[in-house]
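Please load the model in your viewer and keep the selection panel at hand. The tour below goes from the whole chain to single residues.

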Amino acid sequence: MTKNKSGIIWIPMHSYERAKTLIIEHGYSGLWTGQTLLSVVMQAEHELGLVFPADYKQFLLDFGAGSSGSAEFYGIIRNDLTIDSFLNVVWLVKNDRARYKLPVNLVIIGAAGNGSYYVLNAPKNSIHYFMPNVPIEEQPFDLVNDSFGDFILEEIENVLNNPMYVTDA
């Protein structure tokens, strides 16, 4: 359980479910790659050697990967773990583990700007900043959100509250 900015206690799945509702209520505004099969999600976990938190796993099952406004959410594209795209979490994490020594407990879930990423600490279900060109021992791993559910909810609310946001819904 975590507290949101209003001090209300949320269970991470509640935050995720609220974000999902907002996405659906606004006509899936944005670009979403589509639902992912559970067997493919389990294969992704196997290939990365970790277990996704329940809220991130549900996101993969519901949306796959995608974006809304300026918010990007990396995941699984069209049930294919081999697509070499920044949206493909398996391809991206494997590359960045080799290239930047990304720790095995971290999953890249989005771009934070200035070449930085948002990473999910899978065992703890917390979101942090990761700067690829900074040596691991110098990474601050600043906390961004207490869970993926809190993260996606905040990002979707920021998009919807942006006066530049336009929807046909």
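**The whole chain**

Coloured by secondary structure from the N terminus on, the protein chain shows its elements in the order β-β-α-β-α-α-β-β-α-β-β-β-β-α, which makes 5 helices and 9 strands (DSSP runs numbered from the N terminus, helices being H or I with at least four residues and strands E with at least two). This is a predicted model, in which local features need pLDDT of at least 70 and side-chain atom pairs count only at pLDDT 80 or more, while totals for chains, interfaces and linings use all residues. Residues are numbered from 1 along each chain as its sequence is written, and side-chain values use heavy atoms, with hydrogens and water left out.

Of the 169 residues, 46% count as buried, where buried means under 20% relative accessible area, exposed over 50%, and partly exposed in between.

**The core**

Select next Phe-52, Tyr-56, Phe-59, Val-107, Ile-109, Phe-148 and Ile-152, which have the most contacts inside the largest nonpolar core, a set of 47 residues (buried Ala, Val, Leu, Ile, Met, Phe, Trp, Tyr and Cys joined through side-chain atoms within 4.5 Å). Helix H5, residues 148-161, gives the most to this core, with 6 residues. Centre on Phe-59, whose contacts (heavy atoms within 4.5 Å) include Tyr-16, Trp-32, Phe-73, Phe-148 and Ile-152, not counting residues up to four places away in sequence.

**Strand E8 and its partners**

Now select residues 126-130, strand E8, where 4 of the 5 residues are buried, so the strand is largely enclosed by the rest of the structure. On one pairing, 5 bridges join E8 to the antiparallel strand E7, residues 116-121, and Tyr-118 stands opposite Tyr-129; strands pair if DSSP finds at least two bridges between them. Strand E9, residues 143-145, also runs antiparallel to E8 and is joined to it by 2 bridges, with Leu-143 as the bridge partner of His-128.

**Two positive phi angles**

Most residues other than glycine have a negative phi. Asn-125, in the loop between E7 and E8, has instead a positive phi of about 55°, and it is buried, with a relative accessible area of 11%. Finish at Lys-101, in the loop between helix H4 and strand E6, where phi is positive at about 60° and the residue is exposed, with a relative accessible area of 61%.

Note on methods: Buried means under 20% relative accessible area, exposed over 50%, partly exposed in between (1.4 Å probe, protein chains only).
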